Amino acid sequence: QVQLVESGGGLVQTGGSLRLSCAGSGRTFSMYRMGWFRQAPGKEREFVAQISSTGGITSYADSMKGRFTISRDNAKNTMYLQMNSLKPEDTAVYYCAARALFSDTWGFWGQGTQVTVSS
């Protein structure tokens, strides 16, 4: 199993940047596919980005392409989400999640970190 803790959220103005971190526990962090999701008030949780266990393959939701960058450092058991050109509609609680090899579900979640973008 893996335990996840997000950090790095906060209040930023439109056009600003933030970098979120997701620290994972355990020696098997590098075996998990990792992802970021977000949930805005009154809306369902949505996919943001994901990264393969080695970091070699990434994918993004269309609205985040070109603005967000997902990365990971397996030596530090940490995943990141660099968010640039932030918009008010990016305001949400951001969650990191882990998916085990050969699993089709995101089985492990962090507690979330709030990102608020002011206009």
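**Rings, strands and charges set against their definitions**

Modeller: By the rule that rings of Phe, Tyr and Trp (its six-membered ring) pair if their centres lie within 6.5 Å, the count comes to four aromatic pairs. This is a predicted model, in which local features need pLDDT of at least 70 and side-chain atom pairs count only at pLDDT 80 or more, while totals for chains, interfaces and linings use all residues. Residues are numbered from 1 along each chain as its sequence is written, and side-chain values use heavy atoms, with hydrogens and water left out.

Colleague: What makes Y32 and F108 an aromatic pair, and why is it called edge-to-face?

Modeller: The ring centres of Y32 and F108 are 5.7 Å apart and the planes stand at 85 degrees; planes under 30 degrees apart count as stacked, over 60 as edge-to-face and the rest as tilted, so the angle places this pair in the edge-to-face class. Y32 belongs to the loop between β3 (18-24) and β4 (33-39) and F108 to strand β10 (residues 108-109), so the contact ties together parts that are 76 residues apart in sequence; strands here are DSSP runs (E, at least two residues), numbered from the N terminus.

Colleague: Why is Y32 called buried, and why does F108 count as partly exposed?

Modeller: Buried means under 20% relative accessible area, exposed over 50%, and partly exposed in between (1.4 Å probe, protein chains only). Y32 has 8% and is therefore buried, whereas F108, at 21%, counts as partly exposed.

Colleague: Why is the pair of F37 and W109 called tilted?

Modeller: The planes of F37 and W109 meet at 55 degrees, with the ring centres 4.9 Å apart, so the pair is neither stacked nor edge-to-face and counts as tilted. F37 lies in strand β4 and W109 in strand β10, so this pair ties together parts that are 72 residues apart in sequence. F37 is buried at 10% relative accessible area, while W109, at 30%, is partly exposed. Ring pairs also link F37, F47, W106 and W109 into a cluster.

Colleague: How do you know that the charged end of R99 sits over the ring of W106?

Modeller: A charge sits over a ring if NZ of Lys or CZ of Arg is within 6 Å of the ring centre and within 35 degrees of the ring normal. For R99 and W106 the distance from the ring centre is 5.5 Å, and R45 likewise lies over the face of Y95, at 5.3 Å.

Colleague: What makes β1 and β7 edge strands?

Modeller: The open sheet has four strands in the order β1-β3-β8-β7, with antiparallel pairing. β1 (4-7) and β7 (68-73) each have a single partner strand, so one side of each is left without a neighbour in the sheet. Neighbouring strands of this sheet are turned by 15 degrees against each other on average, direction ignored, the axes being lines fitted to C-alpha atoms, for helices over the stretch in contact, with angles running from 0 to 180 degrees between N-to-C directions.

Colleague: Why is the link of C22 and C96 called a disulfide?

Modeller: A disulfide is a pair of cysteine sulfur atoms within 2.5 Å, and those of C22 and C96 are 2.1 Å apart, so the pair qualifies. With 60 degrees about the S-S bond, the link is right-handed. C22 in strand β3 and C96 in strand β9 (residues 92-99) are 74 residues apart. At 0% relative accessibility, C22 counts as buried, and C96, at 0%, is also buried.

Colleague: What makes R38 and D90 a salt bridge?

Modeller: A salt bridge is a side-chain nitrogen of Lys or Arg within 4 Å of a carboxyl oxygen of Asp or Glu, and R38 and D90 meet at 2.9 Å, N to O. R38 lies in strand β4 and D90 in the loop between β8 (78-83) and β9, so the pair ties together parts that are 52 residues apart in sequence. R38 also pairs with E46 at 2.6 Å; R38 is buried at 6%, while E46 is partly exposed at 34%.

Methods:
Pairing = 2+ DSSP bridges.
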